[in-house]
Protein chains: 4
Amino acid sequence: MSYARQMLDNSPRTLNLDAGVLAAAIDALDDCVQACTADIDADLSEQNLSDMVKCIRLCLECSDVCVATRGVLSRSESGSRITRRLLEVCVASCKTCGDECERHAQRHAHCRVCAEACRQCEQACRALLDALK
Amino acid sequence: MSYARQMLDNSPRTLNLDAGVLAAAIDALDDCVQACTADIDADLSEQNLSDMVKCIRLCLECSDVCVATRGVLSRSESGSRITRRLLEVCVASCKTCGDECERHAQRHAHCRVCAEACRQCEQACRALLDALK
Amino acid sequence: MSYARQMLDNSPRTLNLDAGVLAAAIDALDDCVQACTADIDADLSEQNLSDMVKCIRLCLECSDVCVATRGVLSRSESGSRITRRLLEVCVASCKTCGDECERHAQRHAHCRVCAEACRQCEQACRALLDALK
Amino acid sequence: MSYARQMLDNSPRTLNLDAGVLAAAIDALDDCVQACTADIDADLSEQNLSDMVKCIRLCLECSDVCVATRGVLSRSESGSRITRRLLEVCVASCKTCGDECERHAQRHAHCRVCAEACRQCEQACRALLDALK
């Protein structure tokens with residue numbers, strides 16, 4: 001069981017949604033931040049570096065947005081409207097970054113893995129958005 | 001002249017908006033992050049600590065959102081739609097946090113200063129949203 | 001297999017240490033950041049809030065240090081001296097935060113879980129320091 | 001007067017050092033984070049991109065370390081030993097990053113500005129280290 005889930009299960013925080021859905025989103029955000037951070041470094045080592053610039057910038061953006069979203073989801077006083085709108089931005093950023101990483105997936109295995117992390121994060125955030133409605 | 005402005009003026013980045021408006025938003029986001037971070041610590045030292053819990057949580061949220069927004073604004077490959085929507089979340093978060101800080105402004109001078117930083121950031125982000133239209 | 005490990009295994013980055021030890025440290029840092037972030041929120045909901053102030057501040061500090069350490073470990077151009085010294089700071093911060101969380105472990109299960117995450121992170125960073133010698 | 005200084009002057013936090021020296025370090029850390037973040041983006045737009053890879057990685061590292069240091073300095077419960085050791089890592093990271101940026105200063109004005117921000121941050125952190133002794 002992930003630490004995100006353990007912390008939710010042992011928190012005084014009152015959840016009006018399924019803890020599993022929330023923990024899954026937090027875990028997927030963590031994974032996406034890690035994949036994007038490592039993908040930036042991997043991209044910087046590639047021979048076709050100039051082809052990777054857009055990927056690097058989108059990974060930086062996706063990582064920034066996921067870090068903020070994870071923080072907001074880990075707190076109980078978050079205005080539900082702000083949470084939902086930030087989740088929507090996060091879905092869009094993961095989609096954009098995942099699409100770009102996928103373009104490089106054949107050539108660079110690290111971009112394939114990063115695209116998977118972005119897709120999983122996009123889906124987990126969508127599932128949480130559905131649960132918050 | 002702030003470093004945000006100096007970096008914009010010396011960057012190969014092509015801006016299709018006024019550099020002053022963008023730099024003002026980045027600087028206001030920096031100030032808001034610093035004010036919120038320091039306000040959390042100040043709140044934790046207050047006698048009426050239980051009254052400050054909502055303020056602490058909203059400062060944590062506002063800081064998370066402002067950090068992400070500043071990062072995204074500092075890059076050129078940002079999808080303009082993601083930038084705009086993140087700016088809208090940021091405006092909402094600064095408004096919510098500023099309102100809460102203002103409630104404590106009479107009693108705690110640090111909350112008054114933090115409310116000012118939130119208001120300035122809200123306005124600077126609104127001005128940038130107008131410029132991006 | 002964690003994303004940290006998958007990214008290392010698919011990166012052009014040349015490692016002069018065991019990928020498992022490095023990935024374990026990155027994963028433990030992620031867990032520690034998440035546990036500390038959630039513990040701050042849980043502490044803020046407790047009745048004995050004034051007893052939790054030190055714990056909140058140390059969780060904020062530990063989280064800041066772990067985020068930086070994780071970023072540095074995820075990149076290949078890090079000066080090995082800076083990496084080692086930052087890992088040492090991280091070990092000290094996890095130790096201090098874990099000790100404080102443990103003091104509250106009997107009363108608050110969330111502090112017990114957070115203490116575990118801090119201990120695991122401390123150990124994983126020590127193991128990495130040993131591997132870097 | 002910067003928000004960092006205003007917040008210190010209006011905080012219940014007891015300082016056993018000069019508020020101006022502490023505020024100057026926090027402000028210089030903010031500037032350094034902003035300069036490094038913008039320099040990464042500017043580097044990514046340059047023709048001689050492969051020459052800029054080391055600069056990008058060191059700016060990412062310096063930014064990570066400065067963000068953590070700023071957070072720790074903005075709080076009162078920081079263990080003085082951890083604070084000092086983190087400041088030392090920060091001085092080393094700003095020195096390394098500033099040296100690399102300076103190598104590109106003739107060709108790229110954005111690297112010249114970033115080098116200045118790194119130097120100022122290095123000096124402000126050294127001054128704070130002296131004040132903490």
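1. Copies of a chain are superposed here by least squares on the C-alpha atoms of residues with pLDDT of at least 70 in both. On that basis, chain B is brought onto chain D by a rotation of 180 degrees with 0.0 Å of shift along its axis, at an RMSD of 0.0 Å. In chain B, Asp30(B) has the C-alpha nearest the axis, 3.5 Å from it.

2. The model is a predicted one, in which local features need pLDDT of at least 70 and side-chain atom pairs count only at pLDDT 80 or more, while totals for chains, interfaces and linings use all residues. Residues are numbered from 1 along each chain as its sequence is written, chains are lettered from A in the order in which they are written, and side-chain values use heavy atoms, with hydrogens and water left out.

3. A rotation of 180 degrees, with 0.0 Å of shift along its axis, superposes chain C on chain A with an RMSD of 0.0 Å. This is the relation of a two-fold axis. The C-alpha of Asp30(C) is the one in chain C nearest the axis, at 3.5 Å.

4. Which surface do the copies use to meet? Of the interface residues of chain B, 100% are also interface residues in chain D, so these copies meet through the same surface.

5. The contact between chains B and D (heavy atoms within 4.5 Å) takes 33 residues from chain B and 33 residues from chain D. The area buried between them is about 2800 Å², and carbon and sulfur atoms give 58% of that; buried area is the accessible area, with a 1.4 Å probe, that two parts lose on being put together, summed over both. On the side of chain B, Tyr3(B), Met7(B) and Gln34(B) lose the most area to chain D, together 28% of what that side buries.

6. Helix 1 (3-9), helix 2 (19-44) and helix 5 (109-132) of chain B each supply at least two residues of the side that touches chain D; helices are DSSP runs of H or I, at least four residues, numbered from the N terminus. Helix 2 of chain B gives the largest share of that side, eleven residues.
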